[in-house]
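Please look over the notes below alongside the model.

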Amino acid sequence: MNPRSLPSVHTPPRWEPATLARCHDLGSDVRLFEVRPDSGATAPYTPGSHLPLQLEFDGHPQTRHYSLLEEAGDAGVYRFAVKRLVHSRGGSEHLWQLAPGDKLTIAGPANHFPLSFANPEYLLIAGGIGITPLYGMALALHRAGKRLRLIYVSRDSAREHFATALSALGAALEVYPDSASAAPAIQRAVAALDPAGEAYICGPAGLRRHVRALWEAEARPPWALRYETFANGGERPEETFEVSVRNLGISFEVPPHRSLLESLIDHDIEALYDCQRGECGLCAVDVVSHEGSIDHRDVYFSARQHAADDKLCTCVSRIAGHGRVVIDTRRQGIRD
Amino acid sequence: MSNRGYPLNAWYAAAWGHEIQHRLTPRTLCETDLVLYRRSDGQIAALQDACWHRLLPLSLGRLDGDSVVCGYHGLAFDPHGRCTHMPSQETINPAACVRSFPVAERHALVWVWMGDPSQADTATIPDFHWNADPALAGRGGTFYSLQCEYRLVIDNLLDLTHETFVHAGSIGHDSITRAPFDVTHDERSVTVQRWMLDGDAPPFWARQLGRDVPVDRWHNIHFEAPSTIIGDVGVAEAGTGAPQGDRSRGVTGYFLAALTPETATSCHYFWNFVRDHHIDDPNWTEYLHYAHVNDGQGVYDQDKAVLQAQQIAVSKYDRPPFYNLNIDAGAMWARRIIDRLIAAEETPPAGEQTSTPSVFARQA
């Protein structure tokens, strides 16, 4: 076993040293972080951008991405808000242990979730801490005089902070405490959205699935539904599960803070991958059999393909229920 | 601090409207490759000319309806740059898109906004209404990929002293170098004004006036940041009141220049010259067109030779490129305004957040 960090083959980040300038609790479990690049220069970025951080915990170097809040840049700092998630991949717990003055490794902001300004109307739907990329988008659209609606579903302790910060939106902002109370509003908003409008979602997988189903029911073009995945936010908590690689005769456990892809590579099993966000499908392997349920967290496979349960994206998907899975890593490609 | 010599938050001319049809037209603006095309509803689309997948220029692909299909693997992008088709999969990667640029057609030109799209306000497109004024007539053109950086052209147009030397025999005249001039400026513009009273008219103007008599001649050159210039130039019979506003015994031409950075050392120069006389006579239109651009013989051909030679020298010599003269005041104000616009883009304004009280703001 040889733990290592998986470099992105897609856009190799240029890492640079930085310092945690300040942290500030926005609620009991949501903390604002201000990170100052040691070079003193923050790069400009557009709404929807995230900051890559290289962290080291559990003995592994790990890369995490956090959506930038819009106000950053003015004071030579990058600002992002993180929710503490105990049953997650460990990034937030690690950040919680940091104190101002601690050293960090960051890369310049990148944007995989770019906002257009050319559409006649915008619907933004945020779930929980998923507000962070949409926050800057909403303010930018508002300033540009665009028609927009932001539905913010959250029980987060930081909800009031964000709602107050977005008060300039007036009636365009709707805040709901949970998905049940938000469901009618989301349904109405999707139905009423201009046919040439776009929707942007950031939030848990369940919210994304819910909106995607409404979107398809309205026969709207799939590319007008914009979302970002952060390789987290599955239906089920992160648990240890057991993997057997049938073609190699190797078995091992995947711990909660490690992806199946990372574990494969830790065990010197050659694996193809690219995006590490469940988008490109290159890391998908055949599922020979499984016990427990497959928590499909990718957006590469269609609902039909997920239901078949015969492939899974190793970079994000997991087995829930302390289960096990037998995979075969020899084959890529599509099969009906 | 970058070495970029132009602001991005600006409307830059990318093409004449009639040049953009329902086909893929590649064009480089501000060191960024674009592909332009007209949609079936008449609107124009401007996308980054590089497929998300493998960076092949999309302009090497084809249009399918209003979408661009990459000529390599068939990924399709709608006019907003959203990927609408990926081969061999049931879904579309949500990250897949190419950048789209705000674009608008106004006063015969296609203008593209290369900067922050949230600041693209079509109300700030440069006023080129002279291009479409029914009381005026003319036919312009473009020097695409003129091999000099765009500010050299601004320098050229903001001081017409050079007419005497570069354009001797057509619009040049010794009186230009003798006449006093005024340079005024504000936050976004510079105006250079020069009157040459009671002299003979150079051949270009004598022909338009139609009589060889002493004239009062004027140059009113107006620069709007970052890169457009409108020149109001002409002659009237001397002493008939032109300096006081009466041009009834004269002829006026407006030259309209939109300069678009292409690379750090090249630009696109969109030009037009419209006249207020004989506006229904196509012979005059052709004559004045060829007076400017005529297989190397026109006035702008002469400028092109000077500007390109100057750019080569600027790139070659290891000294500050310019020592300045009194006559350079207009160009120097223009460059200072441009520098300010560039600097403002590199430092986010502190006042940007005043519209929204921030709960995240640093506490003292």
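1. In this predicted model, the largest cavity holds about 170 Å³ of space. The count of cavities of 30 Å³ or more comes to five.

2. The lining of the largest cavity is made up of 18 residues. Lying nearest the centre are Glu163(B), Ile171(B), Phe255(B), His292(B) and Val299(B). By class, the lining comprises ten nonpolar, five polar and three charged residues.

3. Which elements give two or more residues to this lining? In chain B they are helix 1 (150-158), helix 4 (203-209), strand 14 (215-224) and helix 6 (299-316). Helix 6 of chain B gives the most, with three residues.

4. In chain A, the axes of helix 4 (residues 179-192) and helix 5 (residues 205-217) come within 10 Å and cross at roughly 40°. Helix 4 of chain A is therefore oblique to helix 5 of chain A, since angles under 35 degrees count as roughly parallel and 65 to 115 as roughly perpendicular. The crossing of these two helices is right-handed.

5. Which residues meet where helix 4 and helix 5 of chain A are in contact? From helix 4 of chain A come Ala183(A), Ile186(A), Gln187(A) and Val190(A). Helix 5 of chain A meets them with Leu207(A), His210(A), Val211(A), Leu214(A) and Trp215(A). By class, this contact has seven nonpolar and two polar residues, and no charged ones.

Technical notes. Residues numbered from 1 in each chain as written. Chains lettered and ligands numbered in written order. Predicted model: local features only at pLDDT ≥ 70, side-chain atom pairs only at ≥ 80, totals over all residues. Heavy atoms only, no water. Axes fitted to C-alpha atoms, helices over the stretch in contact; angles between N-to-C directions. Helix = DSSP H or I, 4+ residues; strand = E, 2+ residues; numbered from the N terminus. Parallel < 35°, antiparallel > 145°, perpendicular 65-115°, else oblique. Left-handed = near helix turned anticlockwise from the far one by under 90°. Contact = heavy atoms within 4.5 Å. Nonpolar A, V, L, I, M, F, W, Y, C, P; charged D, E, K, R; others polar. 1 Å grid on protein atoms, 1.4 Å probe; cavity = no way out; pocket = protein on both sides within 12 Å on 5 of 7 lines; lining within 4 Å. Points joined across faces, edges and corners; volume = space filled by probe spheres on them.
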